[in-house]
Amino acid sequence: MATLLEGKTLAGQINAVTAEYAAKHDLTLAVIQVGDDPASGAYREAKKRQAHRLGIIFEEYLFDTFVPAREIESLIRQLNSREEITGIFIEQPLPRGYDPVSLLELVDPVKDIDGVTSANAANLYLNRPGLFPATAEALMRILEFYHIDPKGKEAVIVGRSNIVGKPAALLLLHRHATVTICHSRTQALKEVVRRGDIVVAAVGKAELLKGDDFKNEAVVLDAGYNVTEGRTVGDVDFKGAVAHVSAITPVPGGVGSVTTASLFHNLVKARQLQYGT
Ligand code: NDP
């Protein structure tokens, strides 16, 4: 039976650090939502509740779907220039008609707590201090918490998005893993996954990877979050894998809670980048 890499205790520890810091230094999170996508609305509300729990000031800016892009741009510039704003988060997906890349790019990199600007992507690429996507950070924190050192290991990442797969690959590479990235055009996916000492699933396809796709010694980090038939499942068939691999994150209760904690901890990092303390 695999070791369960649960996220709750770790998330609690990260949140305690963030709350302690927020008690000494004001932290303010500004969240922008364009349009009325229900999932984005739910995520924004969840951030608001978490901000209140951690003692973080929360400002929200809601726009109708057809607002001119220049109004959003002007808000981002204002938030960049207000000293008391620590972090800026833009809910995605943006409605059709907006260019997400150019809007996200306007966020001051030291306030970019979602790690979406090209400046922070460059920092990640070059292994310099910066603000990086919370899910990828969460994966590293889980490995560290459970004393799993990626050095010299074969890490296989399934998924190459800018917010999960690619940053996870770079963070693992910086920790001296030998990294392979898979995607929808990868041939013989299962053969590649089977090589992984550490496998990150970041696909967005419910239970795509089955237990016997992994080798027995594998550590499986499932970033997937899929709601199917009222059940929340990962990108890995948990029941099949838990009996087969050496360690695995459950879904829910694994990567997700640590991701939220890492996102809020990025406010601490952001303030430190802005003020040096
Ligand atoms: P994207 O849809 O942006 O990327 C999915 C990736 O999976 C793509 O690179 C795609 O390949 C690849 N892929 C799709 N189908 C296959 C397949 N059959 N075989 C191999 N690769 C495939 O998703 P995200 O990175 O945003 O999210 C991934 C998962 O992580 C989702 O379940 C999402 O809900 C979850 N997530 C969880 C978070 C958390 O806090 N736990 C936060 C963010 C996301 P290609 O590039 O070729 O299209």
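Tutor: The dialogue below goes through the sheets, selected residues, the peptide bonds and the ligand. Please keep in mind throughout that this is a predicted model.

Student: Let us begin with the sheets. What is the order of the strands in the open sheet of six strands?

Tutor: Strands of a sheet pair through backbone hydrogen bonds, either parallel or antiparallel. In this structure the open sheet of six strands runs in the order β1-β11-β8-β7-β5-β6, and the pairing is parallel. Its edge strands, each pairing on one side only, are β1 (3-4) and β6 (178-182).

Student: Over how many bridges do β1 and strand β11 pair?

Tutor: β1 and β11 (residues 247-248) are joined over two bridges in the parallel sense.

Student: Which way do the residues of strand β4 point?

Tutor: In a regular strand the side chains alternate between the two faces of the sheet. In β4 (residues 87-90), Gly 87 and Phe 89 point one way, while Ile 88 and Ile 90 point the other way; all are buried. Strand β2 (residues 28-34) pairs with β4 in the parallel sense over four bridges, and Ile 32 is the residue opposite Ile 90.

Student: What does Asn 266 touch, leaving out residues up to four places away in sequence?

Tutor: Asn 266 touches Ile 113, Leu 131, Phe 132 and Glu 137. This residue lies in helix α10 (residues 255-275), and its relative accessibility is 1%, so Asn 266 counts as buried.

Student: Where are the cis peptide bonds, and how does one read them?

Tutor: The angle to consult is omega. The bond joining Gln 92 and Pro 93 is cis, with omega about 5°, and Pro 93 belongs to the loop between β4 and α4 (100-104). The bond from Val 251 to Pro 252 is also cis, with omega near 0°. Pro 252 is located in the loop between β11 and α10.

Student: Which residues does Thr 232 contact, aside from its neighbours within four places in sequence?

Tutor: Thr 232 contacts Tyr 225, Asn 226, Val 227, Val 251 and Pro 252. The C-alpha atoms of Thr 232 and Pro 252 are separated by 6.7 Å, although these residues are 20 residues apart along the chain. Thr 232 itself lies in strand β10 (residues 231-233), and its relative accessible area of 26% makes Thr 232 partly exposed.

Student: What is the value of phi at His 176?

Tutor: Phi of His 176 is near 70°, a positive value in a residue other than glycine. His 176 sits in the loop between α7 (165-174) and β6, and counts as exposed because its relative accessibility is 53%. Glu 207 likewise has a positive phi, near 50°, and is found in the loop between β7 (198-201) and β8 (219-222). With a relative accessible area of 22%, Glu 207 is partly exposed.

Student: Finally, which residues come nearest to the ligand?

Tutor: There are 23 residues around the ligand, and Arg 160, Ser 161, Ser 184, Ala 223 and Tyr 225 come nearest. Tyr 225 is also among the contacts of Thr 232. The shell around the ligand comprises nine nonpolar, ten polar and four charged residues.

Methods
Residues numbered from 1 in each chain as written. Predicted model: local features only at pLDDT ≥ 70, side-chain atom pairs only at ≥ 80, totals over all residues. Heavy atoms only, no water. Buried < 20%, exposed > 50% of the residue type's maximum accessible area, 1.4 Å probe, protein only. Contact = heavy atoms within 4.5 Å. Near = heavy atom within 4 Å. Nonpolar A, V, L, I, M, F, W, Y, C, P; charged D, E, K, R; others polar. Pairing = 2+ DSSP bridges.
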